[in-house]
Amino acid sequence: MEVTRLPLSATQRGKLISTGYTSLSSLSSATSSDLARDLNITEREACEILKVATSTSSPDKLDGSHAVVNGAKNAWDMLHEESSLMCITTSCADLDSILGGGINCKQVTEIGGVPGIGKTQLGIQLAINVQIPPYCGGLGGKAIYIDTEGSFMVERASQMAEACVEDLSEYSRFLHKNLQACQVEIKCKDILENIYYFRVCTYTEQIDLINHLHNFILEHKDVKVVIIDSVTFHFRQNFDDLALRTRALSAMALKLMKLAKELCLAVVLMNQVTAKYIEGSFQLALALGDSWSHSCTNRVILYWNGNERCAFIDKSPSLKPASAAYSVTSRGIRNSDSSCKRNKMM
Amino acid sequence: MSALKSLERYYPILDSHFQSFCASHGIFTAEDFLTHDLYVLAASAEQQPTAERLKEGIAQVLSIIDEWHRPWLNGMELLEDAERNKHVLSTGIEGIDLILGGGLCQGQLTEVVGTSSSGKTQVCLRMAANVAKNHTGKVIYIDTGNSFSPQRIESFVARNSDPIYIQARSNIIQKVMSNIVYHSVFDIFAMFDVLHQLENNLTSQVLKEDCKVLLLIIDSISSLITPVLGGSGSQGHALMTTAGVLLKKLAHEHNIVLLVTNHMVGGEGSNLKPALGETWKSIPHVRLRLSRNNGSNVCNLSVLKHPAIASSLAATFTID
């Protein structure tokens, strides 16, 4: 039954099948008034159903050898287009180097770690770094910060933004080899203005917000990063129906993937850890289990190595598994080498 | 798949009188004939004043339905088809090829299942690069998690390439990579669209010889099915089974190697089992399980199900 593969509600589909409209050709030859009469629905609803049916079954013309599937690209074109793929620096050179330049756009990156390791700090740093202007090598974009735990501290963001502006003027002086400090146009106030902050308090609010992000971003065109801190918080408590939770989470994951791909932005998800009983002992594992672990393109795990904070690439299609150390300073995320005075921005 | 109304155009005997007679029995389409009791229908037709015409109409519909079933094949024809059309394509990974008798077979749906970061995407990328490099034909890569990496493909293709001249090498890499077609889908209906489009293009034979599709990869099909599976109503199950049937049909009719990936979920105790449940278990022809030792590049592959090879055969290979 071809009609089952149309994205319609169950009642609409049931009505279509019971009145004999089981194939796309039968729908294409029906008018909306016929449909409305046969299915006992309003004419507007019938028009919508017909629109869905015709958009799915339009036979597109073949043009050229790689239109085997319309809307497809071939790998060679993608390779060359990706050389202009932008990354968002984390302000820590070691971390950037294991990430291949920074957090990639068009991909969903999950960052997980124990409480206190610096996930929120990294999130705020990325929200600031995405705004680094293109003449300093950044993306010059805006950020969306979705806070589910209430851990975003505006004073801290302001402190890190100040530090970023200072670093940028020092860097542009280095770049232009001037002795005077170059006036960088961006100011701390502008940086804070370009972070769109949302606070969500329940999982329904979270799902609703993610559904509306696409339209929001189309209206505010320069958004280049969406940070969700943390994505799993509301799904861990008070969820009686685990099957519903899995469905909601996987649907959310697909929407985020689509957002990242279509709007060319980076999606960064923070996740918490939980204790899991594996192979006879309790080990730390990321929350929400195995199905959620497939919902990201890259995964970075933050952990303590003695007294040092380290990051490890756990999952990536193209990066080697590697780890790097970083530290959280008053100026933000930086290299952990305390002897390194200059912050290498690019 | 046709309502009686649309058949009237071609077979005038199925006129509105016939249609209203059938409607009174709850029959609106030709398929409904298959699910209703034909004896009751014939008996009821006998009692109508226009019995003869109605019975002619019924006979006409039954003969239309007869034309729809696929032709019978005998064993020799199947064997010839297998020898001529269903070859084994190497995956590019020696360890896997060794236990699978050369690689993955055309006409079969192969599933690779494994936990997160166990190497499933790497196997898909390797196979795509290998098939594109060693055979003429297209590779279609359908990605749901933005994990397709053209850089990895390039590194696989460039490896062991014979020509030493940079220009010739670059031309070869370009030619090979142009044959890998990439599409991203983010919900199951979009995947159906892509598959149906592909099916239409392949059956209408508009494509030239070098546009033959050799390999179709869906990474991963479980992330498309999990959001719709379960809950009230069985639509999710129906979509999953329809997808399986469509994929196997594409594989068999057009001699394509079909490779899909699946993830694992918690089972009883602390055992992991493949996602998508019991119904999906019987859909792929071949099921392979991947796992990777923590922190190393070595992957283990074991055969969960294969029509020609013993299960629980295992192999290891490295990702580099």
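Trainee: What should I know about the numbering and the model before I start?
Mentor: Residues are numbered from 1 along each chain as its sequence is written, while chains are lettered from A and ligands numbered from 1 in the order in which they are written. The model is predicted, with local features needing pLDDT of at least 70, side-chain atom pairs counting only at pLDDT 80 or more, and totals for chains, interfaces and linings using all residues, and side-chain values use heavy atoms, with hydrogens and water left out.

Trainee: OK, so which strands sit at the edges of the open sheet in chain A?
Mentor: The open sheet has 9 strands in the order β6-β5-β7-β8-β4-β11-β12-β13-β14, with mixed pairing, and its edge strands are β6 and β14 (332-335) of chain A, each of which pairs on one side only. Strands here are DSSP runs (E, at least two residues), numbered from the N terminus, and two of them pair if DSSP finds at least two bridges between them.

Trainee: And in which sense do β4 and β11 of chain A pair?
Mentor: Strand β4 (residues 108-113) and strand β11 (residues 298-305) of chain A pair in the parallel sense over 5 bridges, and Glu110(A) stands opposite Arg299(A) in β11(A).

Trainee: Switching topic, how many aromatic pairs are there over all chains?
Mentor: The count comes to 9 aromatic pairs over all chains, where rings of Phe, Tyr and Trp (its six-membered ring) pair if their centres lie within 6.5 Å, and planes under 30 degrees apart count as stacked, over 60 as edge-to-face and the rest as tilted. Tyr145(A) and Tyr197(A) form a stacked pair, 6.3 Å centre to centre with 20 degrees between the planes, and this pair links strand β5 (residues 142-147) to strand β6 (residues 195-199) of chain A, 52 residues apart.

Trainee: Is Tyr145(A) buried or exposed?
Mentor: Tyr145(A) is buried, with a relative accessible area of 0%, whereas Tyr197(A) is partly exposed at 37%; buried means under 20% relative accessible area, exposed over 50%, and partly exposed in between (1.4 Å probe, protein chains only).

Trainee: Which residues have the most contacts inside the largest nonpolar core?
Mentor: They are Phe148(B), Ile153(B) and Phe317(B), in a core of 46 residues, a nonpolar core being a set of buried Ala, Val, Leu, Ile, Met, Phe, Trp, Tyr and Cys residues joined through side-chain atoms within 4.5 Å. Apart from it lies another core, of 44 residues, among them Met160(A) and Val225(A).

How values were computed. Helices (H or I, at least four residues) and strands (E, at least two) are DSSP runs, numbered from the N terminus.
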